[in-house]
Amino acid sequence: MKSRWLQVILMLGVFAVLPPLHAQDIGGWLKRTAKQVQDDIAHKGENKVREAVARPLGTAPDGNGGNRASDARQKGEAITAAVADDSAAARDAAITRLRATAPRSACADAAAMSRTYGTTCNSREFPAPPILSAPAFAWQTKPGWWGAWSPFLVGNLMLTGSCNNDDNAGLSALDMKTGKTVWRIGDICKVGNRRGSTGNVAFHELSSGEVLLIYPRENGEPTDFYVIDVKAGHIVHSLKPVANLTLRGHGGSFVGLNQSNQDGFSSVIGLSPALDKMLWRNGGFRLAMRNDDPRYMPTFSPSAMVDGILFMTARSKDQAEPPTRQLHAIDLRTGQTLWRHRDQPVAERSNTSAWRSDDGTPMVAGGKVVIRVQGLLGAAGIGRKPDGDALRALDPRSGNVAWTTKAVPGQRIGNYIAAGDMLIVETERGGTREVWGYRLSDGALAWRRPINKEMKLLASSGGVFHLSERTTQASGGGRDYRLQGVDGQTGTLLWTTTLPGHNLDFDGGWGIEPDLRRGGSQGPSWRIGRDGAIYGVTLTGAFKLQ
């Protein structure tokens, strides 16, 4: 009896310091507190990776099914999948199959040059053969840069560079076979107060076969839009956009994004190849959210494009309050909205409002548009994380839902990428992290693979995807990277290697959801070339892994 009174007194003390809560919020807090205690007891002294392998999916670490309300809704829908086989026989079988597999198109993208995330499909899958054995450095170069631009691959050239150095400043073209400088344009560092700064440049492929380099000036003067002849290594001319817009390039076609406080809406604008004409305007979107809004999201998500249709998420003008971003399909020829995703689960709910799941960043994979949805197992109180993360695939032409993966109580979905016919997904539940492999054809779970706490899902090519984590050992300062190649179809580990971590940001920027802390980042520090090699930059130079 004394212990029970002591528990009551302690609970009253906790409520005395909490802010005002609704009754449903108090109930949710009590359930979460009790659940946290159960998890702490269940996890104490156990190896979490082995625990994840041993227990059935859809049950809590204590074997009781976690959130009871969620489990009631999930009853009879437990998900089972084999843990990936890392035996030598499984590895040899995977490599034999991958070598015999004919090359396949990663996306209906006719690009001749590289894309930041592989293709216009935004799936982190590069149009290249698989990397079947641990890559090693083919060459490294250190031209004296301090901060280098994210690489852009054109033919046999790698474009990168920096204005933040005394020697070799400017845009450099490196021979992809040898790493030697083929040409350099240094004059761009002499204007706009660029000398001594890295800047935030962007490369785009032009239909003419030339490259568009967008380079803001540091002194407030207008941004430069340089058209570069990559064969001759010089600036042909500069473009002058018809308006001050945020530019998005999609395989030779361009759209601009802007908002008009006067008109009260945001727009997607189709542009001519020379950027000097507006071809159409779709003004069906709301103004930007306030930066101090606790639910702040960028007005427009990163986009994907395939078969002349642009996919991005945004808040529509005619959405009911409170609005969250919906997936839109926009015809790039006319600017017309073909369809938008309206079946968003309620993720947060109060007595007076209901916030629906934000559709996040779309990708196209396996002939479908894929987004993340939240709240499938019930809405949470305002300001709390909803339960029931899942992935949803829609038909690009009609917007009809092809499939939605089954939600697991307490599980969060992180990054996800495409690898061949599979969708590879980071998951986390109760402190245990795994990578899951779903079939793109029907959304069924095929396998699961435990991963360590700091491991990140990066990119893929030819059906092989890559994981990376920081090691505890230093090599010349900082922690090194442990890089792995994994078969997308089975989840079998193919190879592991270690990269020196000094001056290298190997795993940054690959998340499907933009990291707002990276600010004006141009994307990840490396790309996979069409030859299957990795081309990247460090803080002080460039490299090739093959």
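**Entry 1.** I began with the pair cysteine 163 and cysteine 189, which a disulfide joins with an S to S distance of 1.9 Å. I keep in mind throughout that this is a predicted model. For the handedness I looked up the torsion about the S-S bond of cysteine 163 and cysteine 189, which is about -85°, so this disulfide is left-handed.

**Entry 2.** I turned next to cysteine 107 and cysteine 121, whose sulfur atoms lie 2.0 Å apart and form a disulfide. Here the torsion about the S-S bond is about 75°, so the disulfide of cysteine 107 and cysteine 121 is right-handed. I found cysteine 107 and cysteine 121 each in the loop between α5 (88–100) and β2 (125–126), so the pair ties together parts that are 14 residues apart in sequence. With buried meaning under 20% relative accessible area, I counted cysteine 107 as buried because its relative accessibility is 9%, and I recorded cysteine 121 as buried too, with a relative accessible area of 2%.

**Entry 3.** How many disulfides does the count come to? I wrote down two disulfides, and, numbering the bonded cysteines of the protein chain in sequence order, I noted the pairing as 1-2, 3-4.

Conventions. Residues are numbered from 1 along each chain as its sequence is written. This is a predicted model: local features need pLDDT of at least 70, side-chain atom pairs count only at pLDDT 80 or more; totals for chains, interfaces and linings use all residues. Side-chain values use heavy atoms; hydrogens and water are left out. A disulfide is a pair of cysteine sulfur atoms within 2.5 Å. Helices (H or I, at least four residues) and strands (E, at least two) are DSSP runs, numbered from the N terminus. Buried means under 20% relative accessible area, exposed over 50%, partly exposed in between (1.4 Å probe, protein chains only).
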